[in-house]
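This report describes a set of protein chains, their overall form and selected details of their packing. Please keep the sequence and the structure at hand while reading.

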Amino acid sequence: MEALGVWNYWVVVLLMMIGLYTVIARDHLVKKLIGLGVFQVSVIMFYVSMGKVTGGTAPIIPDEVPAEGILYSNPLPHVLMLTAIVVGVATLAVGLALVVRIREAYGTAEEDELQRMNGAQS
Amino acid sequence: MSEHLSALIVVLPLLAAPVCLLLRHTAMVRAWTSIVAWACMIMAWTLLERVQTGGAISYSMGGWDPPLGIEYRLDALNAYLLVIVTTIAAVVFPSGTILTGTALPEGKRHLYFAALLLCLAGLLGISSTGDLFNVFVFVEITSLSSYTLISLGKDRRALTAAFSYLVMGTIGGTFLLLGIGFLYQVTGTLNMQDLALRLPELLESRTVLAGFAFLMVGGSIKLAVFPLHQWLPNAYTQAPPAVSAFIAATATKVSYYLLARVIFTIFGAAFVFDALHLHWLMLPMALAAMFAGSFAAVFQTDLKRLLAYSSIAQIGYMVLGLSMASEAGLTGGIVHLFNHALMKGGLFLAVASVVMRTGSSSVNAISGLGRKMPITMAAMVIGGLSLIGVPGTAGFVSKWYLVVGALEHGWYSVAVLILLSSLIAVVYVWRLVEIAFFGEATHDVCEVPWNSWLPTWILIGGTLVFGLWTDVTVGGASSAARALLGGTP
Amino acid sequence: MSSKPPMRMREKVLLRVASRVFIPLILLFALYVQFHGDFGPGGGFQAGVIFAAGFVLFGLIFGLETLQQVVPWSIVERSVALGLLIFGGVGVACLLRGGRFLDYGVLDHHSSMHGQHLGILIIELGVGLTVAATMLAIFYAMAGRERT
C-alpha cells in the first residue's frame, strides 16, 4: 500500500516510459519529437509534485494578516520548471524546424527512409 | 569592475549574441564576434591568475548570497576550463575558414555568429556556475545552439545528424534535470558547495543514488563516453568544419568538467570510488573507447569522421584519468583536456582549410596536398603526431601522466593498453601522411590565405610549445586535481 | 482532399468580424498580464506569448503576407535582440551603479525597494518583448515555408 501512496511518482514514471518508448519506437520524426515532449513533461510533473506541501497555500505573503503560521507550498520547483518549460519549447521549436528542413531536403520524415537515403549517399 | 569578472565573462558573450542581430552586416558581425572572444580570453587568463594566487572566487548573482542565491564559483579547475574554452574561441572565431562549408545565404550569416556566441556563453556558464540548476540551463543553451550550428553544414545529412543529436542531447539534458531534482528533493538545496556539505549523511538514501545515476548518465551522454557516443561521429562529420573545431575542442571538455564536478565536489571521491566502486565501470568503458574509437578511425574515408572517432578514443583517455581518482591520474585527464582541445581544434581547422580549397573533406581530397598546401599539411602532421603522443608534443605529456597514474595504482596492464592504443593512432595518422605527401595530386590548389592557416598554426604550435614547456598546463592541471581531491587549491 | 480549393479564411465573414473584436482584447489582456506580474501571477513570459498569439490569430485569418506588412521580419528579428539587451542592460546598469549583476536594489538612490520594483518592471518588459518576438519569429519561419 505504501507504493500506492506515492501515486504521483507512478504517473511520472508512466509518462516518462511512454515518452521514451515513443522516441525509440516511432519512425516518424514528428512523433519522436512528441515523445520527447512527453518525456520532458514527466520531469516537469515530477518537480511540480515535489513542491506540493499538504495543506499549503500559494506562496504570497499577505499584507493584512501576519505571515506567521501560514503553511506555504514550495515555490522554487515551480520557478525552476518555468525555465525548464521554456527550454522544452525551444527544443521543440529547433526540432520541428529541423524536421521541416529534413522534409524539404529528403521529401520524407520517416527515419527508416532517411537512413536508407543517407546510406546510399555515403 | 574587476570583482565582477566572473559574472562578466558569461554575460558578455550572452549579450553580444543579440548585438549580432542588430549589426547584421557580415563583416561587422565577424569582427564583433572575434573581439568578444578575445575579451573573454583576456578575462579568463586574468581569472586564472587571480585564482592561482588568491584561491577560489565566489560571486553571488543579484546580491543574493549562496546557498539561497545563484553563486558563481571559480576554483583552479573552473578557471583552467575557462581558459581552454575562451582560448579556442579566440583562435577559431577570427579564422578565415569560419564560414567554410556552411549552407547560409548572405543575408543570414549574422545568425550563425550569434549562435556561435550563444554556444560560447553556454559553455562558459556551465564552467563557472556553482548552482546545479544553472548548470542545466547553460547545458541547454549550449546544446540548442550547437544543434543549429551543426545543422548548417552543406550536406543535407547535416540535418539528420543534428536531429539525432537533438534527440540524444535532450534525453541527456532531461536526465541531468531529473538527477538534479532527486538531489534537491533530498537536500533542499541546489548550490554545489551546500550539497557537498549536506550529502555525506544522506548517502545511504536510494533517492541520492538514483540522482547520482541520472547525473552520471546524463553527463556521459553529453560527453559521448563510449557506449553513449553514437551521436558524435555524425554530428562532427556533418557540421561546418570550423564548428567541428570549436565544439570538438570545447563542448566535450565542459561535459568532462561537469562529470568531474559531480563526482569529486558534490559526492566526493570516497563515496563514488570506495563505496560504489564506479571505477570498475568507468575503467572498462574508457579502455573500450580508446580501442574502439581508434580502430574505427583507421577505417574512415572522411577526414572529419576520422577525427571524430579519434575524439571518442581521446575521451576514453580522459575518462581513464577520472577513474584513477589519484592526483597523477586526474592531472593526466585534466591536462589532456587542454592538450586535446589544442590538437583537435588545430586538426579540424586544418581540415577546414582543406575543405576551403578542395571543397571536400574525404581522405582522398588531401592526396598530394603535402606539396600544394605545405603549411596546412605540416600542421596536420604535427597534430597527428600529438594525437599519437610522440615525445615533444603535448599529447605525450598527458599520456605520460596517465601512465604514471596507472603505474601508481599498480594497473600495469592498463599502462600497457595506453601504449598499445597509441600504436593504433600511428596507423591512422600515417595513412594521412602517406596520402598527403606520397599520393598523386588530384586537386590543383594553392595554400590558403594567412588568416586561415595562422589559427591552425597557433593551436598546433601550442601543442609543440606545451609539449616542452609544461609549467602552465601541468601546473594548472595539478592544482585543479588537488582542488578536486579536496586539498587546498 | 477535394480538388476545389477551400475557401480562404479571410473570405469568411464570421471569422473576420470575430477576430476584429477579439484581437484588441487579446493584446489588452497581454498588457494586463505583463504589468500585473508585479502583484500576482503573470509576467513577461505569459504576456509575451499572449501578445504573440494575437498576432498569430491575425496572421491565420488575414494571411501571412498581411501580417508581415504589419510586423515585418526585420522588426521581429531586432525585437528579439532588443528584449534580450534590455534584460542584460538592467544587469549591467546594476554593475555600473556599484551593485552585483542583476542586483536591482541599487537602481534607485533612495530606496532599494523602489529599485527592486523598477528593475523587475524593465526586466519583464525585456522578457515580454523577446518572447513575443520569438514566438512570431517561429511562426514566420514555419508558416512561411512552401508545402512540399
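The account below moves from whole chains to the contacts between them, and then to individual helices and residues.

The model is a predicted one, in which local features need pLDDT of at least 70 and side-chain atom pairs count only at pLDDT 80 or more, while totals for chains, interfaces and linings use all residues. Residues are numbered from 1 along each chain as its sequence is written, and chains are lettered from A and ligands numbered from 1 in the order in which they are written.

**Chains A and B**

Helices (H or I, at least four residues) and strands (E, at least two) are DSSP runs, numbered from the N terminus. Chain B has 20 helices and 2 strands. The radius of gyration of chain B is 21 Å, close to the 23 Å that the globule rule gives for 489 residues, so chain B is as compact as a globular protein of that length. The radius is taken over C-alpha atoms, and the globule rule is 2.2 Å times the number of residues to the power 0.38.

Chain A has 5 helices and 0 strands, in the sequence pattern α-α-α-α-α. Its radius of gyration, 21 Å, is well over the 14 Å that the globule rule gives for 122 residues, so chain A is more spread out than a compact globule.

A residue is called buried if 20 or more other C-beta atoms lie within 10 Å of its own, exposed if 12 or fewer, and partly exposed in between, with C-beta atoms placed from the backbone. Two residues are in contact if their C-beta atoms, placed in that way, lie within 7 Å.

**Contacts between chains**

Between chains B and A, 21 residues of chain B are in contact with 26 residues of chain A. On the chain B side, α5 (132-151) and α6 (157-187) each supply at least two residues. The largest share of that side, 13 residues, comes from α6(B). By class, the side of chain B that touches chain A has 11 nonpolar, 7 polar and 3 charged residues. Here Ala, Val, Leu, Ile, Met, Phe, Trp, Tyr, Cys and Pro count as nonpolar, Asp, Glu, Lys and Arg as charged, and the others, Gly among them, as polar.

Chain A also meets chain C: 8 residues of chain A are in contact with 6 residues of chain C. The chain A side of this contact divides into 5 nonpolar, 1 polar and 2 charged residues.

Helix α17 (residues 394-409) of chain B packs with helix α19 (residues 450-468) of chain B at an angle of about 45°, and their axes are 6 Å apart. Axes are lines fitted to C-alpha atoms, for helices over the stretch in contact, and angles run from 0 to 180 degrees between N-to-C directions. The angle makes α17(B) oblique to α19(B); angles under 35 degrees count as roughly parallel, over 145 as roughly antiparallel, 65 to 115 as roughly perpendicular and the rest as oblique. In this contact, B:Ala394, B:Phe396 and B:Val397 of α17(B) meet B:Thr463, B:Phe466 and B:Gly467 of α19(B). These residues comprise 4 nonpolar, 2 polar and no charged.

The buried residues of α17(B) include B:Tyr401, B:Leu402 and B:Val403. Among the elements that cover the buried residues of α17(B) are α13 (303-324), α14 (327-358) and α18 (412-438) of chain B. After α17(B) comes B:Gly410, whose phi is positive, near 80°.

In helix α12 (residues 279-298) of chain B, the buried residues include B:His279, B:Met282 and B:Leu287. The buried residues of α12(B) pack against α11 (269-275), α13 and α18 of chain B.

**Two individual residues**

B:Gly54 lies in helix α2 (residues 26-54) of chain B and is exposed, with 9 other C-beta atoms within 10 Å. C:Leu31 belongs to helix α1 (residues 13-36) of chain C and counts as partly exposed, with 13 C-beta neighbours inside 10 Å.
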